[in-house]
Structures are given as C-alpha cells and as structure tokens.
Amino acid sequence: MSSSLPRPLAGLPVRRLTRDDLVPCADLSEDRGWPRDEHRWGLLLTAGTAFGIDDPDGKGLMATCVVTSYGPRMAAIGMMLVAGRYARQGVARYLMDRTIETTGGAPLSLYATASGRPLYEKLGFATVGSAQRVSGQFRPTGETGGPDAAARPGLAVRPASAGDLQAMLRLDAEAFGLDRTHLLTRLPAFADHLRVAEDGGELIGYAALWPSAGSHVVGPLIARDTATAKLLVTSLAGATDRPLRADIDARHQELLDWLGEHGLQPGSETTVMSLGDRQPGDWTQCFAPLSVATG
C-alpha cells in the first residue's frame with residue numbers, strides 16, 4: 001500500500017548514513033525485492049558516503065543513495081532505493097539532486113535498472129554501456145563435456161596474499177583508470193575468496209568472491225584477457241558449493257558465452273550511464289564490477 005508524503009519534498013531532511021543504519025538499509029533493500037545483502041551494505045557504508053531520508057512514520061528509511069568517490073575524476077552512485085510505499089512521488093529525484101550536489105561537479109557513473117533509467121536520463125545521464133547478469137550452478141566443464149582451456153605456460157591462479165596488494169592496485173588503476181585504493185584495501189576482509197593470476201611472475205588479473213543471499217558473487221573481475229578471466233572464475237567456482245552470480249560487461253561476449261556453457265544463465269540487464277566525462281580506463285580488462293545496484 002502506498003503512503004502519501006507527510007510534507008513537501010523540500011522539507012524532508014537528508015542525512016549521512018553510518019554503520020548504525022545497516023539493518024534499516026537492508027530492510028529497504030528487502031522492501032524493494034532485492035537481497036538484504038547486509039554484507040555488501042557494510043562495505044558501502046564504510047567505503048562510500050551514504051545518504052538517506054528517514055521515514056516520518058518511523059518505519060525505517062524512506063530512501064537511500066550511496067556515492068563512492070574516486071577523487072575529482074569520477075564518483076560512482078549506487079543503492080538508489082525508495083520504499084515501495086513512497087514510490088512515484090518524486091523522492092528518488094529529490095534525493096538524487098541532493099546527492100549530486102555533494103559530488104563537487106565530479107563526473108558520475110551508475111548502473112541503472114529499466115525502471116530507474118528514465119529518471120537518470122532526465123538528470124542528464126547518458127548511456128555508455130550495459131551489464132548482463134548471469135547466475136547458476138557453475139559446471140567445471142562445458143556442455144560438450146570438454147575440459148576448460150588449458151592455462152598458458154607460466155600462467156597460474158592462486159589465493160591472494162598481503163604481498164599482492166600493490167600489484168593489484170597498479171593493475172586496477174590501469175584497467176579502471178582511477179585510484180581505488182580505499183575500496184580495494186577492504187577486499188580481503190570483504191571477500192570470502194580472493195584470487196590473483198600471474199604470468200611468469202607478473203600479476204595480470206584478480207577476482208573476488210563474496211556472499212549474497214545464498215549465492216556467491218564474482219566481482220570485481222579484472223584481467224588482461226578473457227582467458228585469464230576464465231581461469232579466475234574457474235578457481236573461484238571451485239571454492240564454493242553455492243550458485244554463482246556475476247554482472248558482466250556486455251561487451252565481453254566471449255566470456256558471457258563461456259559462462260553460459262558452464263551453467264550460468266542470463267538474467268536482468270542494467271544500463272551503464274554517466275554524467276559528465278566518461279569513465280577512464282580500459283574496458284577490455286574490466287570484466288565485472290564489485291557491485292551493480294542502483295535502481
């Protein structure tokens with residue numbers, strides 16, 4: 001059942017959210033039919049800057065939005081959620097306007113669902129790509145029963161160690177085009193499994209696996225080429241009995257086809273959008289982000 005706003009939008013105070021708001025944030029995710037993902041919320045509330053509007057009726061949060069800043073060159077917006085009872089009353093536009101005001105004019109990027117895309121277009125965001133969600137029980141061999149592609153001589157995948165962090169940061173900066181140190185340093189504690197790929201001793205890829213609603217999510221997935229990405233996914237899949245989920249940049253069709261052959265079926269698609277300059281970096285090395293969730 002919908003509720004009418006108790007006051008004009010301009011009278012709704014927007015406040016910073018903290019780790020103390022983790023449960024209300026998860027409740028709001030559940031209200032919108034998303035997994036509660038308290039684990040992911042914990043990361044976003046510490047690595048990013050979260051904003052929220054309290055429900056005047058005392059029923060938790062009316063809306064949320066999270067900004068993860070990568071300096072003046074880019075910020076990512078996620079978790080734009082409005083409680084179902086306040087949907088289609090301008091709350092999302094109001095909170096997005098307030099959130100954008102805090103970013104200091106930095107270029108912005110986000111992943112939009114089909115329902116959220118019209119709002120972002122009105123705000124000036126332009127489509128720059130898309131991501132395809134796939135999920136299912138990973139089979140280590142394809143439908144033909146043949147083995148996965150053999151690793152190149154010298155190419156190896158292993159669990160990441162503390163000594164890999166600097167090389168991971170360099171590779172990530174090359175692929176993403178920005179310094180994401182404040183996010184990646186939290187990956188070892190956030191992920192259930194973290195793998196790196198080396199070729200002749202040079203780190204050429206890394207990937208994380210983290211829990212979400214009975215499944216495990218692959219992301220981020222950064223690799224020099226598709227063959228390396230496949231080996232990283234295979235290694236992570238071997239570390240869990242849960243179904244896998246991943247949001248793959250739709251331009252990586254070879255990887256999507258391979259995942260389909262190994263049991264992961266296509267689901268929803270999100271639109272990658274930007275406001276201002278387009279995201280820097282090399283998309284050919286960015287196979288999957290850490291998280292896709294905007295609204």
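This is a predicted model: local features need pLDDT of at least 70, side-chain atom pairs count only at pLDDT 80 or more; totals for chains, interfaces and linings use all residues.
The largest nonpolar core comprises 38 residues, among which Trp41, Ile53, Met96, Leu110, Tyr120 and Phe125 touch the most other members. Two or more residues are given to this core by each of helices H1 (22-31), H2 (38-47), H3 (91-101) and H4 (117-122), and likewise by strands E2 (49-54), E3 (61-69), E4 (75-82) and E5 (108-112). When neighbours within four places in sequence are left aside, Met96 is in contact with Cys65, Ile77, Met80, Leu110, Leu119, Tyr120, Leu123 and Phe125.

Helix H5, formed by the 12 residues 165-176, spans 16 Å between its first and last C-alpha, close to the 16 Å expected at 1.5 Å a residue. Its buried residues are Met168, Leu169, Leu171, Asp172, Ala175 and Phe176; these lie on the same side of H5 because they cover an arc of only 170° around the axis. They pack against helix H6 (181-184) and against strands E8 (193-199), E9 (202-212), E10 (215-223) and E13 (286-288). Just after H5, Gly177 adopts a positive phi of about 85°.

In the whole structure, 18 salt bridges are found. Arg15, which is partly exposed at 30% relative accessibility, forms one with Asp21, the closest N and O atoms being 2.8 Å apart, and Asp21 counts as buried at 8%. Arg15 also meets Asp54 in a salt bridge (2.7 Å, N to O); this pair links strand E1 (residues 15-16) to strand E2 across 39 residues. A further salt bridge joins Glu202 and Arg224 (3.2 Å, N to O), while Asp27, Glu30, Arg36 and Glu38 are linked in a network of salt bridges.

Terms used:
Residues are numbered from 1 along each chain as its sequence is written. Side-chain values use heavy atoms; hydrogens and water are left out. A nonpolar core is a set of buried Ala, Val, Leu, Ile, Met, Phe, Trp, Tyr and Cys residues joined through side-chain atoms within 4.5 Å. Buried means under 20% relative accessible area, exposed over 50%, partly exposed in between (1.4 Å probe, protein chains only). Helices (H or I, at least four residues) and strands (E, at least two) are DSSP runs, numbered from the N terminus. Contact means heavy atoms within 4.5 Å. The expected span of a helix is 1.5 Å times one less than its number of residues. The arc is that of the directions from the helix axis to the C-beta atoms. A salt bridge is a side-chain nitrogen of Lys or Arg within 4 Å of a carboxyl oxygen of Asp or Glu.
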